[in-house]
Amino acid sequence: MSKIVKINIISGVEWVEIADVGLKLLCGCPSDVIKHIMKRGLIAPAEKKGVPYETGPNAILLSDLMLQGGGFSNLAEFPIFQMFYRQGLLLPDHPNNNGNKPLLVGSREQVEAQIRYIYRGNYGLVSEREVIDAGISPRWAKDLMRMKKYFTGGNIKPADTFLDTCLVEQGEKEIVAGVFIRRQKTNIFEITYQGESVIVDLNLTGSQSYPSPYPLNYYNLDRDYFSVIHSGIGDGWDVNRPSLSSIIIYQGGVYLVDAGPNVVNNLVALGIGINEVEGIFHTHSHDDHFAGLADLIRGDRKIKYYSTSLVRGSVTKKLSALLNFEEEQFGDFFEVHDLQYDTWNSVCGLEVKPMHSPHPVESVIFVFRTLWKGGYRSYGHFADITARSVLESMIVDSDKQNGISKSEFQRVMSNYLEPVDLKKIDVGGGFIHGEAADFRIDKSVKKILGHLDRPLNRIEKEIGAGAPFGTVDTLIPDYQNHFRHCANEYLLSYFPSAMAYQIRSLLNNKIVTFNPEDIILKEDGVNDNIYLVLSGNVELLSPANDSSNILYAGSILGEMSSVYNRQSTTTYRAMSYVRALCIPSNLYIEFVTNNDMYSVLEKYQEQRNFMQNSWLFGEGISYGTQNRIAHVMESFSLLEGEEIIPEVDRPSIYFIISGTVERFVGSSVLETISTHDVFGEEQLLFGIPGLFRLRVASPLVAYKIPHQTIKNIPIIRWKLLESYNKRSRGWMESDTGEEQLLKWHDEFSVAVDMMDDHHKKLFAMSEEVIRAVSLADSQVAQRALVFLIDYTQFHFKAEEEMLEIQKYPELHQHKRIHERLMETIIQLQKELADNNYQTSINLGVFLKDWILNHILTEDQKYAHYLAKSDAS
């Protein structure tokens, strides 16, 4: 009988169990993974010494890549919470609290990112200073920290005090007694025990994404003037229902309240595409309300983000910990709108009042209202509130004690019981959730109870209603035709020079509805109609390159095959209920002829066909955005051996149609870039020109697309970031990268002689440390590391002083990066002093990563800034 049991959970997630040593290793942890393993029976009820608990994993192997399939690959918060509280590892006097800690296994980069993210998930903002920096008064900041420390038992502890770690870099590493793990290549690991071994592959391939743990029916919903679609009533443990959330429809526009796991799957089931979402109102940063933020980036415009500055501060710190980017970059993906506490804020006429609610992390409840005959209609969304009994236990007399004042208790309870027409309430119970009994006296017209992993009990049923997924409460009906209004807006934006009567001739056609999984247009067919998608999600299938992409509202289907009366080269298939304006082909051809559009369509045809079938532009890019990109795309060709010199004044990305390009440093090839791949993305992502040189390896045909056109398209930035992270890791793992990235090359210059001299010295000293590590000479490595640390501190101080004189706008972020680097390298120095061989290996990896991600990326940002300053 095999000693190692391996079970495939979903794509990119596996389970490895070795009973001899008690290891239960969850390999991969995307959002809602805990529900997947619960459904597989790998988490089950149990009892020990009369105390009930759950079984489950005791270790997590992290993906090498933070982003895969457009979503987060590593979200360990809920698996860790399951170990702490449902298995009992952290509960006082629990029979499973035997001193063992959850174990995080993976690369240093991902393990440290998870520790920072779990820390923020536990505590949110951790000091009065951070709260004040989020725009809160010093007095209230003090009160908020007193409240927070009540929840934390008086202490805010670093996450690594209750987690163990096992860093896997180069070579073999022991996880637990006799169990070893070795990375073969990115996201592929070999686990061995007593002569047996298994291979674990955490990669997603092609168009794969992490699936939802629960199936959902499809719904064909109208767009009301003011209504609430119930998109979730469960919690982070409910295997059959999405987590507590809502969708507000206001004047036909779509606004989410929170973004939990699988938000895109939920929207598909409801017949809503990402491009239809106007904004999100965000209550707080726990994963069952936060994990879907990545999904909201999968459109061609920034979604508006509404919350208080305090909640946003907590959310951005958690997100930046996950992705290792600066908090300010949140604005690259969302359009931020800070709301004022206890005030009616107008959002395009919808009034919203956020109110503070006590919770371990910064949290708000929302009340929404809009005027209608007889007065206001209102909706309250009360996620993750605190039970009255807990609030009463928090009351203290002195502002020196942790807790809340009597007046704060009264204010919170008054807010909780504010009567509205419709109120959705967290009644999950326990220390950090609400209780149904507290709302028995609530005078709201209708109360909905949720945030549970079970059905309502008898008492709860007497107090409030349920709300199955897809049900709707209409507060104000719609007497307009929302979808025809959308069609008018799309057509006006796509064809601004057309006469109004011509637009009306297109509008005067029926709006049709396709069922989920209907084929709208078929490959090889000649289309009698063109369809303008008004809602829902459409899958584009291209047999020519065996690819599929997702199209949203605003897409035009079948245009070219209809206009030119030829067979379609693609198939369009409804993924949800889809509404579309059905325009007869002859009418559209007449419209094209009268507006002299044939030349424009012909000009853009090749570019748009290319975009629709590409991994970068095929998903979530509307017809109008495609046309804007097509207008500036330029094709070019180069011969083998020619060097590519990117234009600094007009930075662009380059998408290869055919041929190959070598990325090289010095005289050594770092990477070969081939068909359907891109280069030149560094300036768009990081604000710096590409550092490595580029040379054509085989005759090249490519498109050049200016950054200016695409830099504010969230899905393109997100996909480029995911692709760049994967490729840069490949550079680090290659033999060429390992050798060449530790040598100084002229390409690495920041054009400041003193800084270049410092960097050359740091390269040489780093190479000396790594050489000593490779010879297993710990004493020499320790001495070399002492010199390196001393010189690094000297260099950082000199660099920061120089940047302060130059008024470098990103100096504050640069200093924070310096601080983190010093913390890591000093920790490695302590570990090396204990003669830890694995730390020696990790040190080498850290130094290479430092050079790639700091000297070759962050320092190049200020080099670019100084060059532009000199030029002006």
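Is His-676 buried, exposed or partly exposed? With a relative accessible area of 46%, His-676 is partly exposed (buried means under 20% relative accessible area, exposed over 50%, partly exposed in between, with a 1.4 Å probe and protein chains only). The model is predicted, so local features need pLDDT of at least 70 and side-chain atom pairs count only at pLDDT 80 or more, while totals for chains, interfaces and linings use all residues. Residues are numbered from 1 along each chain as its sequence is written, and side-chain values use heavy atoms, with hydrogens and water left out.

His-676 sits in the loop between strand 39 (668–673) and strand 40 (678–679); helices (H or I, at least four residues) and strands (E, at least two) are DSSP runs, numbered from the N terminus. Its backbone is worth a look, too. Most residues other than glycine have a negative phi. His-676, not a glycine, has a positive phi of about 75°. Lys-807 is another non-glycine residue with a positive phi, near 55°. Lys-807 is found in the loop between helix 23 (778–805) and helix 24 (811–833), and it is exposed, with a relative accessible area of 66%.

On to strand 38 (residues 652–665), which holds Gly-659. This glycine is buried, at a relative accessible area of 13%. Leaving aside neighbours within four places in sequence, Gly-659 is in contact with Ile-673, Ser-674, Thr-675, Ser-698, Pro-699 and Leu-700 (contact means heavy atoms within 4.5 Å). Gly-659 and Val-696 are 37 residues apart in sequence, and their C-alpha atoms are 8.0 Å apart in space.

Another buried residue is Asn-266, with a relative accessible area of 6%. Asn-266 belongs to helix 6 (residues 263–269). Not counting residues up to four places away in sequence, Asn-266 touches Tyr-214, Leu-216, Ser-231, Pro-242, Pro-261 and Phe-469.

Helix 2 (residues 77–86) has eight of its 10 residues buried, so it is largely enclosed by the rest of the structure. The buried set runs Glu-77, Phe-78, Pro-79, Ile-80, Phe-81, Gln-82, Met-83 and Phe-84. After helix 2 comes Gly-88, with a positive phi near 95°.

In helix 13 (residues 500–507), the buried residues are Gln-502, Ile-503, Leu-506 and Leu-507. Looking down the axis of helix 13, these buried residues fall within an arc of 145°, so they line one face of the helix (the arc is that of the directions from the helix axis to the C-beta atoms). On the face turned away from that buried side are the exposed residues Tyr-501 and Arg-504. The buried residues of helix 13 pack against helix 12 (482–494), strand 35 (578–584) and helix 15 (585–594).

Now for the helix pairs. Two packed helices are described by the angle between their axes and the distance between the axes. Here axes are lines fitted to C-alpha atoms, for helices over the stretch in contact, and angles run from 0 to 180 degrees between N-to-C directions. The axes of helix 13 and helix 15 come within 10 Å and cross at roughly 165°. Helix 13 is therefore roughly antiparallel to helix 15 (angles under 35 degrees count as roughly parallel, over 145 as roughly antiparallel, 65 to 115 as roughly perpendicular and the rest as oblique). Making the contact are Gln-502, Ile-503, Ser-505 and Leu-506 of helix 13 with Leu-587, Tyr-588, Phe-591 and Asn-594 of helix 15. These residues split into five nonpolar, three polar and no charged (Ala, Val, Leu, Ile, Met, Phe, Trp, Tyr, Cys and Pro count as nonpolar, Asp, Glu, Lys and Arg as charged, and the others, Gly among them, as polar).

Helix 3 (residues 108–123) and helix 8 (residues 309–323) pack at about 165°, their axes 7 Å apart, and are therefore roughly antiparallel. On the helix 3 side, the contact involves Ala-113, Gln-114, Arg-116, Tyr-117, Arg-120 and Gly-121, and on the helix 8 side Lys-317, Lys-318, Ala-321 and Leu-322. That contact divides into four nonpolar, two polar and four charged residues.

For helix 16 (residues 598–612) and helix 17 (residues 623–632), the axes come within 9 Å and cross at roughly 110°, which makes helix 16 roughly perpendicular to helix 17. The residues of this contact divide into six nonpolar, five polar and two charged.
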